[in-house]
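Subject: A structure for you to look at

Hi,

Here is the structure I promised to pass on. Have a look at it first, and then read my notes below.

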Amino acid sequence: MHLSTHNWMRAEPLEVTLKRIKKFGYESIEISGEPEQYKTKETRALLKEHGIRCWGSVTLMLGERNLAAKDQGQRERSVKYVKDVLTMVSELDGEIITLVPATVGKVVPDGTEAEEWGWVVDATRECFTHAKKVGVRIAVEPLNRFETYLFNRGAQALALADAVSPDCGVCLDAYHIHMEEFNVYDAIRQVGKRLFDFHVADNNRFAAGLGQIDWPKIVRTLKDVGYDGALTNEFVAPVDRTPAAPYPEMVERNPVDISPEQLKFIQDHGSSVLTEKFYTDQMRITAETLLPLIK
C-alpha cells in the first residue's frame, strides 16, 4: 500500500499540490476528474518533476452527469465524460478511475429499480469497454445515502461490477462505509480481491486521525484481503459557521481558479474552499496517521 490524495477538494495550481504532498510522503495523486482542466503533456512533466505518479482519477458526477439517467442523451453525454476521464488517466500513465455512477446530490430516482439497473449497467459496460482499450481499471464507488440513493454499500457496488465484468472492481471510502455498512470490516472482506481503491477520511470527514475510526484495524483488514493499492486522502472538512468553530480560519473567503460548478460541488458536501494553512494541516495529519501503519 501507499499514500495518495485527491486534489479536487481545493482549487490551486497542481504544482502547489504536488510540492506539498511530496513533503509529507505521498507517492501518488488521483487527479480531479475534469479532463478539460489538464493538458496531459504538461501534467506529466509536473508529475515527473515532483516525483509523484498518477494513481488515477475520480469521476465528479455534478450537474447532468448520470449513468442512471432516464434520458438517453444525458446517459450518452455522461458516458462520454467518463471515457474522457479514462483517456486522461491513461495518458498520465495512471491505473484506475473510481466511478461514481449517479449524480452526487441526486436522491430521487428517474425510473423503477429494473429500469435504472438496466440503464446503469449498459452505460457502465460501455465505459468499461473503453477502459480496457486504454488500459485503465474501473472501480465502482458507493456513497452515503445523503449523496446518492443508488449505491450506498459495497455489496451494491460489487453487484454492478459483477454485472459488467469480473475485471471490474470496487472502491470503498472509509467515511461512507462507516455510515452505511452493517460491519465495515466485513464489507472490506466481502469485496476482497475486487477492491481496487480505498479512500480515506475520518468519520467526521476531517483528516484521518481526527475522528473515531480505528485506522490500525482498517489497515490490518486491508492487508488481510491482500489489498496493495492506494490509501487516497479525500477529506471534506465540514464548515462550522457558529462561534463554536474550532478552526475559525479554515475557509478561503476569496477563492480563485474554481468554476461555479466545482464550488457548488464542494459546498454541497458540507464544505467550502479551504485556506492553504488548514488544507496543509489536514494533508499532514493524514500522512502522520497512516504512513506508520502501511510501512
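F196 sits in strand β7; strands here are DSSP runs of E with at least two residues, helices are runs of H or I with at least four, and both are numbered from the N terminus. Leaving aside neighbours within four places in sequence, F196 is in contact with W55, I96, R137, I138, A139, D167, C168, G169, V170 and Y227 (contact means heavy atoms within 4.5 Å). P248, on the other hand, is 52 residues from F196 in sequence and 37 Å away in space, C-alpha to C-alpha.

Before going on, some housekeeping. This is a predicted model, in which local features need pLDDT of at least 70 and side-chain atom pairs count only at pLDDT 80 or more, while totals for chains, interfaces and linings use all residues. Residues are numbered from 1 along each chain as its sequence is written, and side-chain values use heavy atoms, with hydrogens and water left out.

The UniProt record (an unreviewed entry) puts "domain: Xylose isomerase-like TIM barrel" at residues 19–242. Its positions are in the numbering used here, feature names are shortened, and annotations may be inferred rather than shown by experiment. That span is 42% helix and 16% strand, and its end C-alpha atoms lie 33 Å apart.

Now the sheet. It is an open one of 8 strands with parallel pairing, in the order β1-β8-β7-β6-β5-β4-β3-β2 (two strands pair if DSSP finds at least two bridges between them). β1 (2–5) and β2 (28–33) are at the edges with a single partner strand each, so one side of each has no neighbour in the sheet. From one strand to the next, the twist averages 30° (axes are lines fitted to C-alpha atoms, for helices over the stretch in contact, and angles run from 0 to 180 degrees between N-to-C directions).

Helix α10 (residues 276–294) lies across β1, β7 and β8 (230–233), at about 160° to β1.

Parallel bridges join β8 to two strands: 4 to β1 and 3 to β7. L231 in β8 has L3 opposite, and F198 also stands opposite L231. Both faces of β8 are covered, with A230 and T232 buried on one side and L231 and N233 buried on the other.

Which residues touch the most other members of the largest nonpolar core? They are F198 and L231, in a core of 96 residues (a nonpolar core is a set of buried Ala, Val, Leu, Ile, Met, Phe, Trp, Tyr and Cys residues joined through side-chain atoms within 4.5 Å). Beyond four places in sequence, the contacts of L231 include M1, H2, V200, L290 and I294.

A search of the whole structure turns up 3 aromatic pairs (rings of Phe, Tyr and Trp, with its six-membered ring, pair if their centres lie within 6.5 Å; planes under 30 degrees apart count as stacked, over 60 as edge-to-face and the rest as tilted). The W117 and F151 pair is tilted, because the planes are at 40°, with ring centres 6.3 Å apart. W117 is in helix α4 (residues 113–134) and F151 is in the loop between β5 (137–140) and α5 (154–164), 34 residues apart. W117 is partly exposed at 35% relative accessibility, whereas F151 is buried at 3%.

Finally, two loop residues. D93, between α3 (72–91) and β4 (96–99), has a positive phi near 60° without being a glycine, and is exposed at 53% relative accessible area. R205, between β7 and α8 (215–224), is not a glycine either and has a positive phi of about 70°, but R205 is buried at 4%.

Cheers

Definitions and conventions:
Buried means under 20% relative accessible area, exposed over 50%, partly exposed in between (1.4 Å probe, protein chains only).
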